[in-house]
Amino acid sequence: MTLAEYSRQALSTWAVDPVAEPERARTHAALMLVAESGGVAGLYQKSVGQLHPIDNDRVVDELGDVLWALAAFVRSRRWDWPADADGIAGGIHGPLYPGEYAEIALDLAATAISCIEWHGEGAPSDVPALLWYLSLLACHHDATLPIVMQRNIDKLAARYPNGFTPAASIHRTA
């Protein structure tokens, strides 16, 4: 699955139309990108500070939420995915020492903030960096970004079997 295909499927659950409501779309996507990136960092914070075990499946699910938010952010800005994005997303990476993953989670959150502050033309270099961090973290948790994409699509399909509605979002069970 390419990032464009993932975006098309995943963002069918977005309640905001970025063409009709561009400012609302940009604001929502930016808030979600920061919130979801912070959620990943929070899992590592509990591991480092409170010695909680890290659940691979939970991290992979959270990475899917970050990727959804990044896809929404890219669409809200009317950017295209960078030309090398699918290569970054499909990459496999070697193991790092455990502390590096907490640092990568911090970098993910910091880069998300940097990305939303971008006011230049076209997508910033932060978009490939975010994909790289997501890919590294996925690898550490026995997944790849294509696996994260598919699991996120599957989760959204289970959550919204009849399509997205605000009511389904409030009363979701999946």
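**Notebook: contacts of E62 and the helices around it**

Leaving aside neighbours within four places in sequence, I found E62 in contact with E36, V40 and L43. The model I am reading is a predicted one. I then looked up where E62 sits, and it is in helix α3. Is E62 buried or exposed? E62 is buried, because its relative accessible area is 15% and the cut-off for buried is under 20%. I also checked E62 against V148: the two are 86 residues apart in sequence, yet their C-alpha atoms are 9.1 Å apart in space.

**Entry: the whole chain**

I stepped back to look at the chain as a whole. Its secondary structure comes to eight helices and zero strands. Read along the sequence, the pattern is α-α-α-α-α-α-α-α. The chain has 174 residues, and buried ones make up 44% of them. I looked up contacts between residues at least 6 apart in sequence, and 76% of these join residues at least 24 apart.

**Entry: α2 against α3**

Two packed helices are described by the angle between their axes and the distance between the axes. I looked up both values for helix α2, residues 22-50, and helix α3, residues 56-76: the axes come within 8 Å and cross at roughly 160°. Angles over 145 degrees count as roughly antiparallel, so α2 is roughly antiparallel to α3. The crossing of α2 and α3 is left-handed.

Next I listed the residues that meet. From α2 the list includes A25, R26, A29, E36, V40 and L43. From α3 it includes E62, L63, V66, A69, F73 and S76. What kinds of residue make up the contact of α2 with α3? They divide into 15 nonpolar, three polar and five charged. E36, V40 and L43, which I had noted as contacts of E62, are among the α2 residues in this list.

**Entry: S76**

S76 is also in helix α3. S76 is buried, with a relative accessible area of 2%. Not counting residues up to four places away in sequence, S76 touches W14, P18, A25, R26 and A29. I noted that A25, R26 and A29 belong to the α2 side of the contact with α3.

**Entry: α3 against α7**

I turned to helix α7, residues 145-159. The axes of α3 and α7 come within 9 Å and cross at roughly 85°. That makes α3 roughly perpendicular to α7, because 65 to 115 degrees is the range for that word. Which residues of α3 meet α7? They are D57, V60, D61, L63, G64, D65, L67 and W68, and the α7 residues they meet are V148, M149, R151, N152, K155 and L156. The residues of the contact of α3 with α7 divide into seven nonpolar, two polar and five charged.

Helix α6 covers residues 126-140 and has 15 residues. From its first C-alpha to its last it reaches 21 Å, close to the 21 Å expected at 1.5 Å a residue. How many of the residues of α6 are buried? The count is 11 of 15, and α6 is mostly covered. Among the buried ones are D126, P128, Y133, L134 and S135.

L134 is buried, with a relative accessible area of 0%. Leaving aside neighbours within four places in sequence, L134 is in contact with L63, V66, L67, L108 and L145. L63 and L67 are also on the α3 list for the contact with α7. I checked L134 against I104 as well: they are 30 residues apart in sequence and 8.8 Å apart in space, C-alpha to C-alpha.

**Entry: positive phi**

Most residues other than glycine have a negative phi. I looked for residues that go against this. L51 is not a glycine, but it has a positive phi of about 60°. L51 is in the loop between α2 and α3. L51 is exposed, with a relative accessible area of 72%.

R78 is another non-glycine residue with a positive phi of about 60°. Where is R78? R78 is in the loop between α3 and α4, and α4 is residues 85-89. R78 is exposed, with a relative accessible area of 60%.

I also noted D142, which follows α6 and has a positive phi near 60°.

Conventions. Residues are numbered from 1 along each chain as its sequence is written. This is a predicted model: local features need pLDDT of at least 70, side-chain atom pairs count only at pLDDT 80 or more; totals for chains, interfaces and linings use all residues. Side-chain values use heavy atoms; hydrogens and water are left out. Axes are lines fitted to C-alpha atoms, for helices over the stretch in contact, and angles run from 0 to 180 degrees between N-to-C directions. Helices (H or I, at least four residues) and strands (E, at least two) are DSSP runs, numbered from the N terminus. Angles under 35 degrees count as roughly parallel, over 145 as roughly antiparallel, 65 to 115 as roughly perpendicular and the rest as oblique. A crossing is left-handed if the near helix is turned anticlockwise from the far one by less than a right angle, and right-handed if clockwise. Contact means heavy atoms within 4.5 Å. Ala, Val, Leu, Ile, Met, Phe, Trp, Tyr, Cys and Pro count as nonpolar, Asp, Glu, Lys and Arg as charged, and the others, Gly among them, as polar. The expected span of a helix is 1.5 Å times one less than its number of residues. Buried means under 20% relative accessible area, exposed over 50%, partly exposed in between (1.4 Å probe, protein chains only).
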